[in-house]
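Let's take a walk through this structure together, one region at a time. Keep the 3D view open as you read.

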Amino acid sequence: MKHTISVLVENEFGVLSRVSGLFSGRGFNIESLSVAPTLDPDTSRMTIVTRGDDRILEQINKQLNKLISTIKVVDFTGEDFVERELALIKVSTETENRAEVLRIVDIFRAKVVDVTARSYTVEITGAPAKINALLELLRPMGIKEIVRSGPVVIGRGVKGVAG
Amino acid sequence: MKKTGSQILLECLQLEGVEKVFGYPGGAVINIYDDLFDSPIEHILTRHEQAAVHGADGYARATGKVGVVIATSGPGATNTVTGIATAYMDSIPMVIICGQVPTPLIGNDAFQEADIVGMTRPCTKHNYLVQDIRDLPRMLKEAFYIARTGRPGPVLIDLPKDIQVASMKFSYPDSVNLRGYKPTVSGNLRQIEKAAKMVLAARKPVLYVGGGIVLANACEELLKLAEMTRIPVTTTLMAMSAFPQAHPLALGMLGMHGTYFANMSVTECDLLIAVGARFDDRVTGRIDSFAKKAKVIHIDIDPTTIKKNVGVDLPIVGDIKNVLSTLTNKLLERDDQIDELQEATQDWITDITTWKKTHPMAYKKSKSVIKPQFVIEKIRELTDDDAIISTEVGQHQMWTAQFFNFTQPRTFLTSGGLGTMGFGLPAALGAQVAFPDRQVIDISGDGSFQMNSQELATLVQYRLPVKIAILNNNFLGMVRQWQQLFFNKRYSQTCMDLPIDFVKLAEAYGATGLRTDKVDEVESVIQQALDTPGPVIMEFKVDREENVLPMVPAGKGIHEMVLAS
Ligand SMILES: Cc1ncc(C[n+]2csc(CCOP(=O)(O)OP(=O)(O)O)c2C)c(N)n1
């Protein structure tokens with residue numbers, strides 16, 4: 001089962017490799033990982049998407065907590081949360097499909113952020129499923145390149161996750 | 001007054017109460033060694049950095065204090081890795097200081113540069129690269145705190161040369177402030193209440209005790225709990241010295257080379273109380289038949305050990321000393337029920353007594369050839385109760401666990417988790433540094449001995465009277481045993497058929513060497529070694545193809561033991 005975990009860590013030398021090493025060293029799988037500092041510049045927040053049964057997830061949680069550099073671990077699975085990912089997609093646009101690409105972009109409330117005679121670069125933010133759907137539609141047009149940020153998540157409601 | 005990084009380092013060590021360090025110099029730590037010249041800290045110069053780490057490890061295991069190591073950058077640092085991994089697997093408190101190339105050169109493949117922080121990340125509890133001298137006191141303070149608290153472990157500090165020579169005004173922090181590290185000390189009271197109820201309801205209880213009991217200094221609490229409830233105790237390799245092995249409640253070791261009665265007790269029990277143990281595969285054998293009739297209570301300071309390998313009915317996270325004494329008190333509140341418990345478990349005790357009678361821990365005695373087990377029994381007879389025994393890894397290690405009736409905590413030093421050959425001699429060295437007046441004996445195989453035999457020089461130089469008993473079978477015996485039993489006696493690369501003159505080797509280093517192949521000389525050789533000042537090698541030419549039994553074949557349940565070959 002898929003799990004999305006937020007990890008608050010000390011923003012310090014080597015912390016990313018501690019976390020990723022923990023996953024690789026124990027045969028846990030990372031589907032995506034994004035990381036950036038929080039309001040407090042000494043703290044970073046990672047969002048990790050991983051898969052595994054309950055027993056594996058319990059181990060992942062405990063092992064993450066065990067790292068000295070880890071301040072807090074929250075598994076959002078089963079919680080109410082907002083999930084967003086950013087993707088940049090370079091689509092080749094031969095004359096006959098330029099308009100069609102724009103139409104699709106419009107439907108998804110995506111944006112064209114770079115234009116050349118033969119390509120559009122599209123920016124989209126949304127839940128990963130929405131990005132997947134857009135990609136499906138753009139694929140026949142010819143996608144030259146794609147880059148995804150991996151999702152970030154935040155819990156719904158007033159309660160916040162803090163160190 | 002300003003102090004340099006290397007002065008600050010040594011001052012911090014003193015403030016942490018460090019009296020002895022183990023190490024080996026080199027270019028990247030030459031400033032530290034210069035300051036050591038005037039420091040009251042005693043430095044033990046081993047002949048290999050791996051041995052320095054095992055030395056500090058033996059020191060830590062024997063005393064409970066944090067062991068300290070200094071090594072130079074590059075090859076010095078990489079030589080420490082096996083030692084660090086050994087300490088990590090057995091949760092030994094240790095701080096390792098490695099020199100590093102100057103910060104501007106890091107990443108340039110500079111001379112003797114190695115990314116030791118990267119290399120030791122998976123085998124340290126935590127590690128640091130010092131990038132600014134202002135961080136040094138805090139990092140040292142944290143390193144010692146992390147190493148000795150919670151589930152202990154090694155912490156490495158990588159200290160670049162430019163930071164050793166930089167200077168600043170020094171002050172040592174009084175406390176640490178680690179947001180992400182707050183080990184749970186007292187166990188959850190409601191959980192402990194539940195545990196008490198489960199204990200009182202049990203009919204066939206067993207205590208399964210691991211190295212955590214020693215690390216937590218909770219052996220007295222264990223004895224008290226066991227005697228009060230009359231629950232039998234089986235110990236892992238790491239806990240053999242934690243419970244008096246001659247005690248009527250002692251079941252000895254469990255697992256792959258465990259006693260028949262320990263393995264049967266665990267298989268048949270209805271309540272397994274795991275204390276500071278981690279359900280290692282060498283203990284459990286085939287996991288789905290391990291203690292499958294039992295409810296499991298698991299007490300450990302480290303939540304990650306709980307439910308890692310087996311399901312647990314009642315987890316209690318906390319310091320074992322604290323949890324066991326609380327549990328004992330909870331039980332004392334119902335002492336009428338304890339009498340009932342003792343009555344109700346009478347049949348169980350009778351079953352176990354029968355197993356002990358029908359399948360005692362034994363070996364075939366011989367008058368013509370020295371049995372390795374016999375040597376171990378004799379060493380036990382002739383040494384003091386507080387003698388410290390270390391081992392290497394192999395058959396001799398298992399026989400020591402099986403036949404040396406330990407009585408006192410911290411008297412058995414062995415590499416359990418990593419199983420590192422070459423550990424025993426330097427570990428014995430470290431223990432002797434800590435206790436110059438106690439008997440310290442390394443029980444060794446001829447193979448393992450040769451992995452760190454250079455440490456004879458260190459023993460002689462520092463007048464450390466470690467006695468080394470080599471049970472020489474001219475084989476890598478444990479591997480040979482597997483080849484005999486599971487590979488049709490194809491002894492591939494396990495026969496060490498170059499006869500080495502260990503007596504001459506001892507003499508070359510200025511130590512004493514004794515040798516015998518006669519059964520009736522075993523006792524006198526041991527006695528002579530104990531009476532001889534300084535380090536002594538005793539070489540016993542033992543039965544070459546003796547096997548460690550019982551044995552649980554790989555993939556089998558622990559009740560499916562091979563009892564005779
Ligand atoms: C560093 C290291 N290399 C290899 C092994 C694998 N191994 C385990 S036991 C053993 C044989 C040990 O032989 P010896 O020290 O002579 O002891 P014996 O088994 O004969 O008592 C070997 C090679 C190990 N445990 N450690």
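**A walk through the two chains**

Let's begin inside chain B, where B:Ile443 stands opposite B:Ala469 in strand 18 of chain B. Before going on, a word on the model: it is predicted, so to speak of local features pLDDT must be at least 70, side-chain atom pairs count only at pLDDT 80 or more, and totals for chains, interfaces and linings use all residues. Residues are numbered from 1 along each chain as its sequence is written, chains are lettered from A and ligands numbered from 1 in the order in which they are written, and side-chain values use heavy atoms, with hydrogens and water left out.

Strand 17 (residues 440-445) of chain B is largely enclosed by the rest of the structure, because six of its six residues are buried (under 20% relative accessible area with a 1.4 Å probe, protein chains only; exposed is over 50%, and partly exposed lies in between). Helices (H or I, at least four residues) and strands (E, at least two) are DSSP runs, numbered from the N terminus. B:Val440, B:Asp442 and B:Ser444 point one way from strand 17 of chain B, while B:Ile441, B:Ile443 and B:Gly445 point the other way. Strand 17 of chain B pairs in the parallel sense with strand 18 (residues 467-472) of chain B over five bridges; two strands pair if DSSP finds at least two bridges between them. Strand 15 (residues 388-391) of chain B also pairs with strand 17 of chain B in the parallel sense, over four bridges, and here B:Ile389 stands opposite B:Ile441.

Now look at helix 17 (residues 372-382) of chain B, where eight of the eleven residues are buried. Among them are B:Phe374, B:Val375 and B:Ile376, along with B:Lys378 and B:Arg380. The buried residues of this helix pack against helix 18 (395-403), strand 17, strand 18, helix 24 (522-531) and strand 20 (536-541) of chain B.

Some backbone details in chain B are worth a stop. Most residues other than glycine have a negative phi, and most peptide bonds are trans. B:Arg230 has a positive phi of about 55°, and B:Arg463 has a positive phi near 50°. B:Arg230 is in the loop between helix 11 (219-229) and strand 10 of chain B and is partly exposed, at 24% relative accessibility. B:Arg463 is in the loop between helix 21 (455-461) and strand 18 of chain B and is exposed, with a relative accessible area of 72%. The peptide bond from B:Leu549 to B:Pro550 is cis, with omega near -5°.

Finally, how do the chains meet, and how many residues are in contact? Contact means heavy atoms within 4.5 Å, and 21 residues of chain A are in contact with 20 residues of chain B. A:Phe13, A:Arg18 and A:Ile68 supply 40% of the area that chain A buries against chain B, more than any other three residues. Buried area is the accessible area (1.4 Å probe) that two parts lose on being put together, summed over both; between chain A and chain B this comes to about 1,700 Å². There are four salt bridges between the chains, each a side-chain nitrogen of Lys or Arg within 4 Å of a carboxyl oxygen of Asp or Glu. One of them joins B:Lys307 to A:Glu58, with the closest N and O atoms 3.9 Å apart.
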